[in-house]
Structure formats: structure tokens, C-alpha cells
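User: I have a structure open and would like to talk through a few spots in it. Can we start once it is on the screen?
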Amino acid sequence: MDRIAVKTNILKDNQQAAAENRCLFEPEGTVVINLMSAPGAGKTTLLEATLRNMRDRERVAVIEGDLQTDLDAERIRALGVRSHQITTGNVCHLDARMIARAVAVFPIQGLDLLIIENVGNLICPASYGLGEDFRVVIASATEGAEKPKKYPVMFNKADVVLLNKADLAGLSGVDLAELERNVREVNPKAVIIALSCRTGEGLNLWIDWLQEAIASRKMASVGA
């Protein structure tokens with residue numbers, strides 16, 4: 001019982017910190033994305049493809065989360081996009097306080113879009129909100145169609161599920177339609193987009209979704 005109480009307190013504290021982060025993000029009119037997946041599903045590659053498309057049209061920045069190194073942040077900076085690296089050591093997820101500390105030294109003023117690339121993990125990040133507007137989960141088609149059923153909490157809380165590496169599904173013996181059905185089973189409301197960063201298939205749908213989210217936030221800010 002003591003262990004459960006400690007975990008409950010930690011999550012409650014994180015929820016409070018996430019709410020405080022939202023109070024920072026909302027006045028700026030910034031859309032904040034929490035991007036999550038298993039290791040190797042293609043988060044950073046998707047980010048690169050996304051930023052190449054959007055960097056000249058929207059004001060965007062990235063916060064990277066990894067156990068060690070700033071390699072992913074360097075990949076983003078190489079595209080001419082501002083990026084801040086959080087190294088978590090042995091912690092398998094980002095939390096709201098980490099984001100608050102990052103934002104204190106990584107200004108978000110004037111941003112249209114802030115993408116937070118979480119640590120590669122389909123378990124822990126699902127429980128820790130960051131103050132984001134949307135949770136986006138990448139399911140690599142090469143990982144198998146059963147992932148949504150094995151990790152239902154992560155997929156159930158997603159606003160968008162991206163079925164990445166869709167061009168490799170057949171070569172991997174994976175039925176893309178089955179993968180989509182399994183996502184629907186645990187989360188009937190999620191937006192599902194099949195895409196491939198290698199071929200460009202479906203990327204326009206993902207970019208369109210992001211731009212609609214940005215446009216809606218700008219309209220809401222004007223109305224306020």
C-alpha cells in the first residue's frame with residue numbers, strides 16, 4: 001500500500017506541474033505535441049520530415065528527451081530549427097517538471113508549434129502528462145500488429161496514432177489493416193494516419209493535421 005501511495009503522490013505532483021506548464025503555453029498560442037513511441041519506431045526521422053515541410057511556414061521548435069547524448073537535438077539543429085536536449089539518465093520518460101525546467105532556459109515565446117520528443121518507451125510516458133495539447137503515438141508497422149493491444153494505456157490516451165514505415169508492412173509480414181483495427185479497438189476516437197518517411201506516403205495528411213491544429217489555436221487566441 002505504501003508503494004501505491006508514493007506513486008499516487010508522484011502522479012498528482014506531475015499533474016499539477018503539467019497544469020502549470022499549460023498556463024505558460026496557452027497565452028503564447030503555441031500548439032504543444034507530446035510525441036511518443038517505442039525505441040526505433042522513427043520519431044526523430046518523422047520529426048525531420050515534418051520540420052523540412054513546416055520550418056519555412058510556421059515558427060517551430062523541439063524539445064528532445066533521451067537517456068543519454070544530444071544526438072537527436074543535433075539532428076534537429078542541422079535543419080535550422082531550435083532544439084533543446086533533456087537527458088534523463090536512468091529515467092525512462094519525461095515529466096512535467098523536466099519540461100518546466102527546459103522552458104525556463106529555452107524560450108517558447110512566439111512559437112506556433114512546440115514538439116516534445118519523449119523517451120522511447122510505450123509504458124512510462126503514458127502516465128506522465130507534460131502540459132501538452134495533443135498526444136501523438138507512433139506505431140511502426142515493422143513492430144507487428146499487436147502493439148496497441150500489448151500497450152493499451154499508451155494507445156488509449158493518444159489523440160493521433162501514426163502508423164509509420166507503412167511501406168515496409170508487407171515485407172515485415174504485417175497486415176496494416178489489422179494494425180489499424182487494433183488501434184481502433186483500444187481507442188475508437190484517435191485520428192489514424194498511415195505514412196512512410198522514406199516514400200513520403202501519408203506525410204501530407206500528417207502535416208495537414210498539424211496545420212489545422214495550429215490554425216485552430218490561432219483563431220482561439222484571436223477570439224480570446
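User: Is Glu26 buried, partly exposed or exposed?
Analyst: Keeping in mind that this is a predicted model, Glu26 counts as partly exposed, because its relative accessibility is 46%. Glu26 sits in the loop between helix H1 (2-25) and strand S1 (31-37), and its C-alpha is 8.9 Å from that of Arg217, although 191 residues separate Glu26 and Arg217 in sequence.

User: Switching to H4, which of its residues are buried?
Analyst: In helix H4 (residues 96-105) the buried residues are Ala96, Met98, Ile99, Ala102 and Val103. They lie on the same side of H4, because the arc they cover around the axis is only 155°. The face turned away from that buried side carries the exposed residues Arg101, Ala104 and Val105.

User: And what caps the N-terminal end of H4?
Analyst: That is Asp95, which places a side-chain oxygen 3.1 Å from the backbone nitrogen of Arg97.

User: New topic: how many aromatic pairs are there?
Analyst: The structure holds two. Phe134 and Trp209 make an edge-to-face pair, since their planes stand at 75°, with the ring centres 4.9 Å apart. Phe134 belongs to strand S5 (residues 134-140) and Trp209 to helix H8 (residues 203-223), so this pair ties together parts 75 residues apart in sequence. Trp206 and Trp209 form a stacked pair, with 5.9 Å between centres and 10° between planes.

User: Are those two Trp residues, Trp206 and Trp209, buried or exposed?
Analyst: Trp206 is buried, because its relative accessible area is 3%, and Trp209 is also buried, at 15%.

Key. Residues numbered from 1 in each chain as written. Predicted model: local features only at pLDDT ≥ 70, side-chain atom pairs only at ≥ 80, totals over all residues. Heavy atoms only, no water. Helix = DSSP H or I, 4+ residues; strand = E, 2+ residues; numbered from the N terminus. Buried < 20%, exposed > 50% of the residue type's maximum accessible area, 1.4 Å probe, protein only. Arc of directions from axis to C-beta. Polar contact = N/O pair within 3.5 Å; in protein donor to acceptor, adjacent residues only side chain to side chain. Phe/Tyr/Trp six-rings, centres within 6.5 Å; stacked < 30°, edge-to-face > 60°.
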